Amino acid sequence: MKRFLQQLLGAAALACLAQAAVAAPTYVGVKVCTKCHDVHGESWATTSHAKAFDSLKANTKAEEKKKAKLDPAKDYTKDKDCVGCHSTGFGKAGGYALGKDPGGPEKLGSVGCEACHGPGSDYREEHGTAEKKLLRSQQSTPRKLLVGKGQNFDYEKACATCHLNFQGSPLKGAKAPFTPFTPAVDAKYKFEFDKAVRTKALHEHYKLKGSFEGEPIPKVRAEFQKTAKDIPE
Ligand code: HEC
Ligand code: HEC
Ligand code: HEC
Ligand code: HEC
């Protein structure tokens, strides 16, 4: 009886795992997002996040690398201890993998949209659907729906996985590979979310029309929307 129960439970756990594996959202790349969000794409392309992969090439940022005890002559673009934070979805389904063209059509060799907003395979369609619903019947869609589809609204947490991942950082559960650029190397690498989120490291902000409503509303949303630009026709 005990054995039978164990087997049954084992089978149930496996079924759950299989389902989770099928259901887990995957990375789709910048191009998919910018089909609709072209203005965000143009603005993002000017940020250092969009060019993060270049910093791993030999003979780039030589002074900075020396200071962090890295070898400026070395090519770090295929080093798994570096690529994870200088690309999107590294090692995850649909994400960047060693040897992929970093500038390829999906632009996964950069800190792209999904590094902050979450893997987009499932929520991207909901965005279009919600807009149609708003236009057709002036009804907003609960934002909660997007959370279940993999969209991230906790930006502070997303930033921390890259910016606060070093030994002795305030991030609980920090684990190797660590960033070599820590406040101990230079005070300018100290990461403070409230300051950082308001810099040009982020794309410009554009007015939302209200396709989605309700929690979770990112804590910087109201402030940014006040000065957000209109999306050009
Ligand atoms: C089919 C077109 C389409 C695609 C593809 C798309 N979006 Fe959207 N997205 C929209 C529309 C429309 C809205 C609602 C805008 C509004 O309310 O004014 C939206 C809203 C958003 C929002 C704000 C949601 C909120 O809280 O109200 C974010 C963030 C976002 N998109 C990011 C992305 C990212 C990242 C991708 C790529 C994975 C993506 N979108 C793909 C059309 C799209
Ligand atoms: C996937 C990892 C990753 C995530 C997530 C991430 N960043 Fe970054 N960020 C980087 C890397 C790598 C650089 C350095 C880019 C370069 O110059 O190579 C950087 C650079 C920056 C800089 C310095 C820009 C400059 O030009 O001096 C700021 C500020 C910043 N990020 C803020 C943020 C904020 C705020 C968030 C969250 C909303 C965030 N980052 C999320 C990896 C990340
Ligand atoms: C845990 C995430 C993480 C890992 C792993 C990582 N980096 Fe970075 N890297 C960052 C972040 C975040 C920044 C931005 C720091 C800032 O400007 O505050 C950055 C910045 C840089 C810069 C630009 C520094 C500057 O001042 O412009 C270089 C160059 C760089 N990283 C190279 C590397 C190399 C080489 C490796 C592997 C040995 C590596 N990184 C591993 C997160 C990481
Ligand atoms: C480094 C992190 C980061 C990256 C990369 C990033 N975003 Fe954002 N995004 C944010 C933050 C923070 C906000 C502001 C908070 C809010 O209102 O949701 C935001 C807001 C938005 C919004 C809501 C309206 C607005 O303009 O504020 C949309 C739509 C959006 N991003 C789309 C994109 C797309 C498309 C890309 C890629 C081309 C992208 N984001 C890349 C962090 C990021």
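Reply: One definition to begin: helices are DSSP runs of H or I with at least four residues, and strands are E runs of at least two. By that rule the chain has 11 helices and 2 strands. The model is predicted.

Me: What pattern does the chain follow along the sequence?
Reply: The pattern reads α-α-α-α-α-α-α-β-α-α-α-β-α. The C-alpha trace spans about 65 × 55 × 35 Å along its principal axes.

Me: Where is Lys 144 found, and which residues is Lys 144 in contact with, leaving aside neighbours within four places in sequence?
Reply: Lys 144 belongs to helix α8, residues 144–148. With those neighbours left aside, Lys 144 is in contact with Gly 214 and Glu 215. Contact here requires C-beta atoms within 7 Å. Pro 216 is 72 residues from Lys 144 along the chain, yet their C-alpha atoms are separated by 6.6 Å.

Me: What makes a set of residues a nonpolar core, and which residues make up the largest one?
Reply: The members must be buried residues of the listed nonpolar kinds, joined through C-beta atoms within 7 Å. The largest core has 12 residues, among them Tyr 27, Phe 53, Val 83, Phe 90 and Tyr 96. Val 83 touches Phe 90, Tyr 96 and Leu 98, not counting residues up to four places away in sequence. In soluble globular proteins, nonpolar side chains tend to be buried together. Across the chain, buried residues make up 20% of the 233 residues.

Me: How many residues surround ligand 1, and what makes up their classes?
Reply: Ligand 1 is surrounded by 20 residues; the closest are Cys 33, Cys 36, Gly 120, His 127 and Gly 128. Two or more shell residues come from each of α2 (30–34), α6 and α7 (123–137). The largest share, 4 residues, is from α7. The shell divides into 7 nonpolar, 7 polar and 6 charged residues. Gly counts as polar and Cys as nonpolar.

Me: What surrounds ligand 2, and which helix gives the most?
Reply: Here the shell has 19 residues, with Ser 48, Ser 55, Cys 159, Cys 162 and Ala 201 the closest. Helix α9 gives the most, 6 residues. Both α6 (113–117) and α9 (155–163) supply at least two. By class there are 12 nonpolar, 7 polar and no charged residues.

Definitions and conventions
Residues numbered from 1 in each chain as written. Chains lettered and ligands numbered in written order. Predicted model: local features only at pLDDT ≥ 70, side-chain atom pairs only at ≥ 80, totals over all residues. Near = placed C-beta within 6 Å. Buried ≥ 20, exposed ≤ 12 C-beta atoms within 10 Å, placed from the backbone. Contact = placed C-beta atoms within 7 Å.
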